[in-house]
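This report describes a predicted model.

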Amino acid sequence: MRELFANAARALFSIVTDVKTIRAAEKRTITAEAVDREALLVAWLNEFIFLFDSEQRLFSRFDVRAVSKTKVRAVVYGERAEPSRHPIKTGLKSATYHQLKITKGPKGYRARLILDV
Amino acid sequence: MSKVKLNRLDDYRWEIPQDYKPGMRVPGIVFADDDMMETLKTDPALEQVANVACLPGIVKASYAMPDIHWGYGFPIGGVAATTMDEGVISPGGVGFDINCGVRMLRTDMTLGDVKPKMDKLVETLFANIPTGVGAKGRLRLSSDELDEVMMKGARWAIGKGLGDKDDLAVTEEHGVITGGDVSLVSDRARARGAPQLGTLGSGNHFLEVQAVDEIYEPAIVAAMGITEPGQVTVLIHCGSRGLGHQICDDYLKVMDSAQKKYGISLPDRQLACAPLSSQEGQDYLASLACAANFAWANRQIIAHWVRKSFEAVFEKSWGTLGIRQIYDVAHNIAKMEMHEIDGKRMKLCVHRKGATRSFPPHSRFIPERYAEIGQPVLVPGDMGRYSFIGVGTPEAMGLSFGSACHGAGRQQSRGQSKRELKGHDLAKELREQGVVVKAMTRVGLLEEASSAYKDVAKVMRVAHKAGLVKRVARMRPLGVIKG
């Protein structure tokens, strides 16, 4: 589950820019809470959308320390977006609950989440 | 093929019967012609129309305008009205970009006047109006000033000298909705919104200099100050930026948690809602007013910089250039309105998500100067083709709670459009067609190419034939700035 959350965050930033260009220059502790695991994934990703929209922060490393059904805590690494180094592909409005699903398969967890861009 | 059951009602209306799926409280009604319906049958948007029909307190039908396409929860182009006592309010029925809308200006200039200076004009507009992802406005707002913006809307901007008082007379709701409560707006929404006032944003938002291309109803457009083909107009399309996105986000979470408490069960979580009479519902409405007012202030400020840009390029005052506002309409909003249901006048909460209000002549909610013609309905198309002006009709009141289409509607996803046009220099291709485009990114431009959109002329034709709006003029783009 920790990997799922980390990968979802990585996927989010890969939509915004080329994640390879994001240096781990600063770290932040991120926590989020929600009523269930699906909503927690939405809340988790919305933390990053907020930090990108309000502080222009991009992240590329997600050290998810703990995930329960309703809470997530992580230490994440990234830097401020610089137009010269980070090609911004799109802005993000929010993660949505539309067709939101987390399923468990033979190889691990799988999530479907749709972002409003 | 979609499994959605459809009954044809007439040439331009299709019904999704109430028995199509359990939980539907009213039927769905989709405005489309045969061609559109062929494409729609494979689109999940029809299922979304049926899902919206499950909202508690919904009356008459879950409507879809002819530009309907797949959205999050609600389809884009969806209209749903709910009763005050049993009905709900749904943030997803408004959308993330609260009061996204369109403002149109007319000028006394002609194609011949602006064509030689088009490059300079587009450059100047691009320099004066912050555009793109994370764009910050030229205004630095204190927290108190942001409160004022959220309470006073476009009036705040006029008070700061950013526009003309007459602009308010031709703005839906005069540019301000009452009932806002800034104490309900989260710190996060404020942090996202404060630096973004006076910015166009990214995605499908744009600012376009246009020329009137065809006039269908000369007497009607004359009342808007449009007299001849070739006359130059300006269209501004944007909304409440990060402030609205965050407010929607905040209340989706609130309402998602409140579903159980109110015994509401819906087919899609993104439809999360709360009774209009509940604290959650009332709080969302008061926050929505704040975001809507922010959006009206935003378009007001941008319009002011459009005037300033024209002044700089043509070295005349905007008054001399005749830059006056035709109208400003919201197309993502929920509002309390009076409508007739089974012969009875009722107060309803009308959700329009990607739908434009289309009120008829003599409605007391439209500007006095348009009493004889009806409310201007501004329908932008894509940047390579054309946009339309329509006016509201008496029929629309009965057909769709006085609503019409809001644009062309996407036919390709952003990703699809980018893939298909890979390697194209769209700015160069558009220039060859006579459209000067300046965008923040080349990729962003590819996402918004003409081929990604349905032909707005077809959408407008159906809306016109169905009686949702009367088509009165067509404009074509000359210059476009995009995020």
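## Side-chain contact of Ser287(B)

In this predicted model, the side chain of Ser287(B) lies 2.9 Å from the backbone oxygen of Asp283(B). Ser287(B) belongs to helix H11 of chain B, which spans residues 279–314.

Ser287(B) is classed as buried because its relative accessibility is 0%, where the cut-off for that class is under 20%. When neighbours within four places in sequence are set aside, the residues in contact with Ser287(B) are Leu184(B), Ile247(B) and Tyr251(B).

## Extent of the interface between chains A and B

The size of an interface is often expressed as the accessible area lost when the parts come together. For chain A and chain B, the buried area is about 2400 Å², with 52% of it on carbon and sulfur atoms. Chain A contributes 33 residues to the contact, and chain B contributes 29 residues.

## Polar and charged pairs

Three salt bridges are counted between chain A and chain B. A salt bridge joins Arg192(B) to Asp53(A), with 2.7 Å between the closest N and O atoms.

## The chain A side

On the side of chain A that touches chain B, two or more residues come from each of helix H2 (37–55), strand S4 (94–95) and strand S7 (115–116). H2(A) gives the most, with 10 residues. By residue class, this side of chain A comprises 15 nonpolar, nine polar and nine charged residues.

Definitions and conventions: Residues numbered from 1 in each chain as written. Chains lettered and ligands numbered in written order. Predicted model: local features only at pLDDT ≥ 70, side-chain atom pairs only at ≥ 80, totals over all residues. Heavy atoms only, no water. Helix = DSSP H or I, 4+ residues; strand = E, 2+ residues; numbered from the N terminus. Buried < 20%, exposed > 50% of the residue type's maximum accessible area, 1.4 Å probe, protein only. Polar contact = N/O pair within 3.5 Å; in protein donor to acceptor, adjacent residues only side chain to side chain. Contact = heavy atoms within 4.5 Å. Buried area = accessible area lost by both parts, 1.4 Å probe. Salt bridge = Lys/Arg side-chain N within 4 Å of Asp/Glu carboxyl O. Nonpolar A, V, L, I, M, F, W, Y, C, P; charged D, E, K, R; others polar.
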